[in-house]
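Subject: Structure handover

Hello,

Here is the structure to be handed over, with notes on what was found in it. Please read the notes with the model open.

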Amino acid sequence: MNIAIVGTGYVGLVSGACFAEMGADVTCIDIDKTKIRNLSDGIIPIYEPGLDELVRRNVKSGRLHFTTDLADVIDDVEAVFCAVGTPPDEDGSADLSHVIDVARTFGRLINRYSLLVTKSTVPVGTAAIIKDVINEELAARGVDVDFEVASNPEFLKEGAAIKDFMSPDRVVIGIESERARKVMERLYRPFLLNNFRVLFMDIPSAEMTKYAANSMLATRISFMNEIANLCELTGADVNMVRKGIGSDVRIGGKFLYPGCGYGGSCFPKDVRALVAAGESRGCDMRIIKAVEAVNERQKSIVFDKLQHALGDLSGKRIAIWGLAFKPETDDMRCAPSLVVIEKLLDAGSQVVVFDPVAMNECRRRLGDAVIYASDMYETLVDADALALITEWKQFRLPSWRLVRKAMRGNVIVDGRNIYDPQELAEEGFYYCSIGRNAVFV
């Protein structure tokens with residue numbers, strides 16, 4: 001089966017490589033000529049474990065191709081996937097300009113029945129807008145070509161995207177006809193054969209499912225962060241509370257880990273877009289608004305704890321472990337680290353940072369505002385405090401002897417609750433975490 005995917009960002013590239021791995025013939029399209037040339041040479045523009053090998057293998061096998069023009073393949077493909085970005089507009093709503101551009105190009109080029117599948121995250125009602133745009137282009141051409149639209153939102157976690165795509169919890173597909181359903185069934189047949197859940201539904205429901213899913217996960221995170229903050233004031237241990245409520249089968253334990261807030265490209269953007277979608281229809285999304293407000297406040301908690309432990313932060317040297325918004329990615333979009341670093345710099349601190357993969361991204365964003373260490377222990381030299389923000393595996397079992405020897409001070413603020421308070425107290429550290437009282441000897 002031949003398909004095209006417009007957009008070679010995170011979603012488009014992962015989807016294209018995985019569809020090719022499952023046997024489809026895939027052409028990925030992007031207007032960035034340098035990016036397309038690099039991809040054809042096996043140079044991957046994003047960090048995602050296993051993606052570079054997957055792309056190279058399928059390019060070599062002849063199932064994965066790259067071009068800058070949809071016209072090159074439009075007559076040979078059975079479906080065109082739209083996987084371009086939908087960044088937040090000034091009011092928080094999704095900017096659909098790139099999606100509309102794809103729809104216009106699709107309308108200008110199709111000569112036979114074609115299916116345009118939206119994989120970009122778009123608000124409810126976007127399919128209707130896309131259909132109107134395509135019909136405008138067909139009318140301008142003076143032709144009558146049969147087409148349909150479908151919705152196939154992605155549910156990929158950065159750092160585990162390939163596994164998520166190849167072994168999904170569910171595949172959600174919004175369609176309007178049996179003909180479109182058959183096209184999508186053919187493409188997803190390998191998943192159906194493996195008994196993965198492929199859920200067909202109407203298009204508005206599919207569009208809403210993406211936003212609702214991410215907003216629910218964000219809600220759980222903000223809820224636990226609120227509980228954690230109250231635990232500190234009452235003397236409760238949030239880890240015990242988390243286990244206590246997570247053991248209830250109606251609740252479960254996933255996404256109940258307190259920390260210093262969520263970031264990334266999906267949760268912040270989708271939460272804001274859902275709020276904007278409600279406002280445009282006169283529906284006040286009060287819970288979702290609170291989720292965002294709690295998260296923005298939580299991003300400052302590491303700074304607040306550093307300030308509480310050290311007092312005046314001017315002239316203090318602060319070591320930062322972890323810059324990406326989560327492990328196994330170099331993505332720093334809306335990352336809590338950016339908030340912490342900005343506040344520390346404003347307070348007059350000297351900030352030394354290390355992340356296993358996000359150092360170049362940090363340099364691109366912050367330039368020379370911070371000091372870049374070559375490894376996790378170099379950040380600690382003469383540091384007054386250490387703040388852990390991203391729970392990379394290599395940070396989980398450090399040599400506390402080396403940490404203590406390198407640091408000038410003894411304050412550790414654990415923004416992800418990965419260390420044992422008593423152990424660090426016995427090592428001579430003043431230890432602060434989220435939802436647990438500070439421990440020191």
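Helices (H or I, at least four residues) and strands (E, at least two) are DSSP runs, numbered from the N terminus. The model is predicted, so local features need pLDDT of at least 70 and side-chain atom pairs count only at pLDDT 80 or more, while totals for chains, interfaces and linings use all residues. Residues are numbered from 1 along each chain as its sequence is written, and side-chain values use heavy atoms, with hydrogens and water left out.

Pocket and cavity

Both terms come from a 1 Å grid over the protein atoms alone: a cavity is a set of points where a 1.4 Å probe fits but cannot get out, and a pocket is an open set with protein on both sides within 12 Å along at least five of seven lines. Lining residues have an atom within 4 Å of a point. Grid points are joined across faces, edges and corners, and a volume is the space filled by probe spheres set on the points.

The second largest pocket has a volume of about 1,300 Å³. Its lining consists of 48 residues, and those nearest the centre are Gly-9, Tyr-10, Ala-83, Val-84 and Gly-85. Two or more lining residues come from each of helix H1 (10–21), helix H4 (97–109), helix H11 (267–280) and helix H15 (359–366). H4 gives the most, with four residues. By class the lining of this pocket has 19 nonpolar, 13 polar and 16 charged residues. Here Ala, Val, Leu, Ile, Met, Phe, Trp, Tyr, Cys and Pro count as nonpolar, Asp, Glu, Lys and Arg as charged, and the others, Gly among them, as polar.

The count of cavities of 30 Å³ or more comes to one. The largest cavity has a volume of about 40 Å³. Its lining is made up of Thr-118, Ser-120, Thr-121, Val-122, Ser-151, Pro-153, Glu-207 and Lys-210. Of these residues, two are nonpolar, four polar and two charged.

His-98 is a residue of helix H4. Is His-98 exposed, partly exposed or buried? With 39% relative accessibility, His-98 counts as partly exposed (buried means under 20% relative accessible area, exposed over 50%, partly exposed in between, with a 1.4 Å probe and protein chains only). Apart from residues up to four places away in sequence, His-98 touches Val-84, Gly-85 and Pro-87, where contact means heavy atoms within 4.5 Å.

Glu-361 belongs to helix H15 and is buried, at 17% relative accessibility. Its side chain makes a polar contact of 2.7 Å with the side chain of Arg-364. A polar contact is a pair of N or O atoms within 3.5 Å; within protein, one must be able to donate a hydrogen and the other to accept it, and residues adjacent in sequence count only if both atoms are side-chain atoms. Leaving aside neighbours within four places in sequence, Glu-361 is in contact with Asp-330 and Met-332.

Asp-32 caps the N-terminal end of helix H2 (residues 33–40), with a side-chain oxygen 3.1 Å from the backbone nitrogen of Thr-34. Just after H2, Gly-42 has a positive phi of about 85°.

Aromatic pairs

The structure holds 12 aromatic pairs. Rings of Phe, Tyr and Trp (its six-membered ring) pair if their centres lie within 6.5 Å; planes under 30 degrees apart count as stacked, over 60 as edge-to-face and the rest as tilted. Phe-165 and Phe-191 form an edge-to-face pair, at 6.0 Å centre to centre and 70° between the planes. Phe-165 lies in helix H6 (residues 161–166) and Phe-191 in helix H8 (residues 189–193), so the pair ties together parts that are 26 residues apart in sequence. Phe-165 is buried at 7%, and Phe-191 is buried at 1%.

The rings of Trp-321 and Phe-395 are stacked, because their centres are 5.1 Å apart and their planes are at 15°. Both Trp-321 and Phe-395 are buried.

Regards
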